[in-house]
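Student: I am new to this structure and would like to learn how to read it. Could we go through a few features together?

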Amino acid sequence: MEEKGSQSLEYFVKREVLDELCLDEVAQKGTWSTKPTLGDQVKDSLRCSVPRLKHILLTWIPVLSWLPRYSIRENALGDLISGCSVGIMHLPQGMAYALLASLRPVYGLYTSLFPVLVYFIFGTSRHISIGTFAVISIMVGSVTERLAPDSNFIVNGTNGTETVDIDTRDAYRVQVACALTVLAGLFQILLGVVRFGFVVTYLSEPLIRGYTTGSACHVCVSQLKYLFGVSPSRFTGPLSLVYTVLEICSLLPQTQVPELVVSLVALAVLIVVKEINDCYRQKLPLPIPIELIVVIAATVITHFCDLPSKYNIDVVGEIPSGLKAPSAPDTTFFSSVIGDAFAVAIVGFAINISLGKTFGLKYGYKVDSNQELVAVGLSNTIGGFFHCYCVTSSLSRSLVQESTGGKTQVAGVISSIIVLITVLKIGPLFEDLPKAVLSTIVFVNLKGMFKQFMDVPLLWKTNKVDLLVWLVTFISTVVLNLDMGLAVAIAFSMLTFIFRTQLPRYSILGNLPGTELYLDTDTYKEVKEIPGIKIFRSSATIYYTNAEMFLDTLQEKSLSCKFSLKESQMNIENISERTKGERNGTSVAFSMTETATDGLHKGQVNLAYQPDITMSDSDSDAGYDHITEFSGHGDEAKEQACDSGTHSIILDISTTSFVDTVTVKTLKNVYVCLLRSCVVEQLEAADFFSASIPKTRLFITVHDAVLYILKKRGKADFVV
């Protein structure tokens with residue numbers, strides 16, 4: 001190898017042209033298999049031993065693998081500071097997001113306590129913060145309000161007026177939320193046990209970001225009633241978001257000015273201080289806990305100024321101290337919430353694993369997607385017995401946990417201790433906290449999701465299909481609500497995948513002079529077609545949905561020249577390319593001979609459906625001394641290829657990674673051979689190879705195919 005400058009290198013290879021059988025002999029292909037038989041796998045799975053038991057325990061309970069090796073000197077201080085910071089954030093966010101779930105704030109505190117402890121035991125990410133999250137909370141809230149609307153709890157008042165029995169309604173909504181949470185957790189555990197963690201790969205990043213952005217719009221609209229102090233009607237079904245906005249606009253003349261003032265003041269303080277935290281995050285040892293400060297200040301001012309009685313400001317109300325005894329969820333709700341539970345399970349896991357993988361890649365540790373399903377599922381299932389609702393990881397809290405020095409999930413335990421102290425002793429002190437302040441906390445924390453609108457111009461420049469997925473997901477989520485919107489988004493995403501396989505890119509390849517590279521003639525100006533040889537490439541796997549299109553495009557692109565055929569013979573060389581670099585290839589060559597010319601027999605030839613193929617090596621055209629030295633350029637070269645007559649066609653179908661029965665039949669029609677070992681094995685099992693299609697016609701590169709064809713055309717002493 002000789003170096004030319006800092007970037008350019010050359011390599012020289014001298015070898016014989018290799019077909020598949022020669023390659024098997026040279027590389028000494030073996031027929032043995034290192035994969036254990038089914039019987040061995042069953043025996044191994046039933047075998048019990050101490051090392052195997054230890055491995056199972058460490059796999060299913062990850063805390064046993066890292067906690068005994070926990071370094072107090074390296075991790076304790078960072079985890080302590082991080083846990084305190086995240087615990088302080090849990091308090092206001094837990095209470096605020098509970099309102100999104102249409103539950104009392106104390107249930108948000110429960111949700112910030114028990115699931116975090118469960119994830120500490122079973123989770124594999126060291127940095128994410130499990131607990132309440134806006135999108136999941138609003139999804140839970142849509143279910144609780146649908147199954148327990150205010151209209152179901154109307155009672156007669158003292159003066160003949162109708163009022164809502166709030167205590168009964170809230171208790172019923174807690175039962176709905178707990179049943180939903182347990183069922184969603186069971187779905188996640190089941191998917192994790194059957195190793196179905198890969199399901200999240202079908203939720204692309206544009207889909208998740210479009211969905212969370214649409215969900216942020218629902219969250220924002222749901223909090224407007226607290227911001228303005230109005231009581232809009234509840235709408236369900238498609239366009240409910242639009243109807244709610246119109247209803248709130250119609251109620252603006254009834255705005256409670258004190259509520260609006262409290263909201264605006266809290267909103268201004270939160271925005272300013274959070275911007276300061278962002279600007280000086282490198283200099284501040286800890287971010288200013290402005291949410292907790294605002295909550296404490298608002299509670300103190302409201303209590304001592306007696307704002308609820310003077311200005312009718314809506315406050316949180318009773319927050320019971322202590323923990324409630326665990327209870328089993330009401331399983332009668334399962335049939336009513338099964339669809340919502342599955343949607344919550346998938347969305348919650350998708351958010352959790354995407355954030356966990358991000359930190360895992362950054363710090364160089366593995367986050368097991370299947371174990372994460374089990375961990376989050378157990379957090380939800382166990383949490384549902386302790387009056388918690390569905391959880392997932394929070395971006396804002398996770399970033400704080402990471403940026404303040406958190407190294408392990410011990411930080412989560414410390415944050416849970418802070419929440420526990422609040423629930424046991426401090427909770428009742430927040431009874432005079434205005435709900436408007438909690439709504440402003442929700443608004444400010446939506447900033448990150450609303451910044452995802454910047455995806456639109458970026459996707460416009462990079463990938464129009466991903467942009468379409470993002471827009472369809474966002475619009476369907478906003479228009480059709482969270483459950484139907486997610487279903488439509490997934491269906492549309494699957495359709496884009498189908499259309500991409502149905503509309504692959506087909507190219508004619510030419511040779512880059514002086515090399516053995518074959519590139520798209522429409523993309524690269526300097527590449528030139530080899531006269532008499534058409535090299536056709538498909539960008540997608542050939543299977544039953546696009547096999548017919550493949551044949552039609554092959555005829556259109558490769559057989560567009562007119563041939564004078566009175567009595568034709570065709571020598572079909574089946575050529576397959578296998579390279580171990582970026583250009584993994586599969587090639588097929590058609591060799592045609594014009595034995596006579598007759599104007600009466602001119603017409604297009606469809607080689608895909610020729611029933612009789614006569615093998616002949618005696619036909620030849622003029623040879624070429626150097627296959628990379630052609631006359632003509634661009635369209636002129638293409639015209640020359642047509643004028644001189646196309647005698648061979650090479651198919652590059654390297655993207656085909658599997659074959660179905662339709663593919664096998666299609667390949668027999670066009671006499672195609674694939675080269676990837678797994679595909680060759682499938683073709684051998686399907687009795688694809690025969691006397692007319694022997695494995696000796698399989699070549700390892702397109703260049704080998706070209707050299708072989710040119711030699712067969714009568715030029716034995718050509719030079720590359």
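Student: How many residues does helix H5 have, and how far does it reach from its first C-alpha to its last?

Tutor: First, some background: this is a predicted model, in which local features need pLDDT of at least 70 and side-chain atom pairs count only at pLDDT 80 or more, while totals for chains, interfaces and linings use all residues. Residues are numbered from 1 along each chain as its sequence is written, and side-chain values use heavy atoms, with hydrogens and water left out. Helices are DSSP runs (H or I, at least four residues), numbered from the N terminus. The expected span of a helix is 1.5 Å times one less than its number of residues. H5 covers residues 72-100, which is 29 residues, and spans 39 Å, close to the expected 42 Å.

Student: Where in H5 does a kink lie?

Tutor: A bend is the angle between axes fitted to the seven residues ending at a residue and the seven starting there. In H5 there is a kink of about 30° at His 90, shortly before the proline Pro 92. After H5 comes Ser 102, with a positive phi near 60°.

Student: Which residues of H18 are buried?

Tutor: Buried means under 20% relative accessible area, exposed means over 50%, and partly exposed lies in between (1.4 Å probe, protein chains only). Among the buried residues of H18 are Val 410, Gly 412, Ile 414 and Val 423. The buried residues of H18 pack against H5, helix H4, helix H6, helix H7 and helix H17, with contact meaning heavy atoms within 4.5 Å.

Student: How many disulfides are there?

Tutor: A disulfide is a pair of cysteine sulfur atoms within 2.5 Å, and the count here is zero. Take Cys 390: the nearest cysteine sulfur, that of Cys 178, is 9.5 Å away. Cys 390 is buried, at 0% relative accessible area, whereas Cys 279 is exposed at 58%.

Student: How many salt bridges does the model hold?

Tutor: Side chains of opposite charge can pair when their charged atoms come close. A salt bridge is a side-chain nitrogen of Lys or Arg within 4 Å of a carboxyl oxygen of Asp or Glu, and the count is 14. In one of them, Glu 275 meets Lys 447 at 2.7 Å, N to O. Glu 275 lies in helix H12 and Lys 447 in helix H20, so this pair ties together parts 172 residues apart in sequence.

How values were computed:
Helices (H or I, at least four residues) and strands (E, at least two) are DSSP runs, numbered from the N terminus.
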